[in-house]
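I opened this entry to look up the overall build first, then one stretch of strand pairing. My notes follow the order in which I looked.

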Amino acid sequence: MSEQIVLKDPYFTFFQESVVTYPLPLRFTFPFYYEPHPLCLIAASELQKHLEDQKEWDHNFGIDGTKDGMVIGKMFGVLIVENQNGEIGYLSAFSGKLAGENHHSRFVPPVFDMLTEDGFFRKEEEVLNHYNRQIELLENAPELAQLYELLATETNSASLQLTELKQQMKEAKQARDLKRKIHEAELSENELTNALEELRKESINESFYLKHFNKQIKNQLAAIQHKIDAKVNEIVSLKEERRHKSASLQQKLFDQYYFLNQYGEKKSLQRIFQNSAEARPPAGAGECAAPKLLQYAFLHDLKPLAMAEFWWGQSPKSEVRIHGQFYPACRGKCEPILAHMLHGIEMDENPMLINPAEGKDISIVYEDEELAVINKPAEFLSVPGKNVKDSVYERVRTLYPEASGPLIVHRLDMSTSGLMLIAKSEETYKYLQSQFINRTVKKRYVALLEGVVQHEEGVITLPLRVDLDNRPHQLVCYEYGKPATTKWNVVERTDKYTRIHFYPITGRTHQLRVHSAHKLGLNSPIVGDDLYGSKGDRLHLHAEMIEFKHPVSKKTIVIQVDAEF
């Protein structure tokens, strides 16, 4: 009886240490907000050790200052899986390409490999490259350059000749005018008639000559332009053919680029994104670590148990990414894909559906007939959200049922605690709003930062815009970002933390959080910042002081409530 040969899965990695004492996850990871499962932490630690020790490929993550080449940090992922034998292990993946390649040992392959030598993409890409070469040859052809030069030369020459001819005609007209006056004084009536007729004919002949000259020049230039147009039209035609070929290839790629789920259901990239705002996949969709991991698991009958992704390397210029830190999957590219891939899999609860204000109360620290100042707890919405309605607005609407107008004069991030102005009438709202618009309201925030900030004070000016692929994260963007300015000064230092006062000049979303964490800002995330730093018991950011002019008394009102941290 022959022995059955079981092929080893090259990407299924057994844990180096025993993990039998660790309980398996009860539900799969909610990929957009999670605490890594202990098994994920072990798998990630082993993968990070592999990244530090391997010699198979060379990639400059920006960690080792001795490496050459462009610095490119990378997102890596681990997926805890159970194989058909009931064994527990993990898969590893990287986002995009690593060291310029799609394939490396230990890492699962891409969902669709555009770099496959005999694949349709490479063949079609060569066709497009052939078009590119033809277009480049035609655009850089000496004949076309010579025709453009000839057209410019002839146009300039014609202009000079025309100017000279018009000057000659002007002088001739002046001479005829002089002759006409002399003839009128000296000649008899019959002689004058004949002389004036001669002058008239001379004028008509000059006009005919001018028209003939213009027509001749126009025809000469048109002949040159016709030759140019013939060559340009050939280029335009090739570009149009290339555009159609490119669009066809892109569509074919989207159609054949499909994703699986646990039921074996296939869904193309195009179909997944057909109902999105752009009705087409964003660039790089499907190339992140999470879809790669799940696709491999479903293709090879591996049961997904838990997942985690971490950043490895130097932070990009625009984003805030911390080396070795875990991050959720991106929403813009991955959320539609993972919605299909994780269909039917029981997951951890989506925290976005949980009311963070449950069991919390807002406190009124100042109130009169016109307005109120409340102290908002951390993890409490300022206004109703998409899934959770409970908020400062809902609470004060109940408190002041007779109030008119929007009530909420300004907002605080959900995770930020502190003072908020509430207007009880439309007139008060407009008056207070105008102060915010004119930046006459003074605000002071206090924050506890990770690490030791060296300087005593300063101003941060980093323009911000939303990360379209990963809302609500903000990016530093000098091209499309809105101006964002923050003054700051150090209040206190310890060996691990720095207490800071912030004075925001502008009020952009997550401004203080990004200005704290970004390497061009203070390079020190706020303690407990789950978006730009490390998750903690709370975000240590508090709006502790606000100063404004009262809408009725016109007196300056200053309110301060100290932070609880």
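I counted secondary structure first: the protein has ten helices and 18 strands. I then checked the spread. The radius of gyration is 37 Å, well over the 24 Å that the globule rule gives for 565 residues, so the protein is more spread out than a compact globule. I note that this is a predicted model.

Next I took the extents. The C-alpha trace spans about 130 × 95 × 50 Å along its principal axes.

I looked up burial and surface together. Of the 565 residues, 44% count as buried. The accessible surface is about 31500 Å², and carbon and sulfur atoms account for 51% of it.

Among contacts between residues at least 6 apart in sequence, 66% join residues at least 24 apart.

Then I turned to β15, residues 485–493. Which strands pair with β15? I found β12, residues 457–461, running antiparallel to β15 and joined by five bridges. I also found β16, residues 497–504, again antiparallel, with seven bridges to β15. β15 and β16 make a hairpin, with three residues between them.

In β16, the bridge partner of W488 is F502.

Notes:
Residues numbered from 1 in each chain as written. Predicted model: local features only at pLDDT ≥ 70, side-chain atom pairs only at ≥ 80, totals over all residues. Heavy atoms only, no water. Pairing = 2+ DSSP bridges. Helix = DSSP H or I, 4+ residues; strand = E, 2+ residues; numbered from the N terminus. Rg over C-alpha atoms; globule rule 2.2 N^0.38 Å. Buried < 20%, exposed > 50% of the residue type's maximum accessible area, 1.4 Å probe, protein only. Contact = heavy atoms within 4.5 Å. Areas by Shrake-Rupley, 256 points an atom, 1.4 Å probe, with all protein chains shown as cover.
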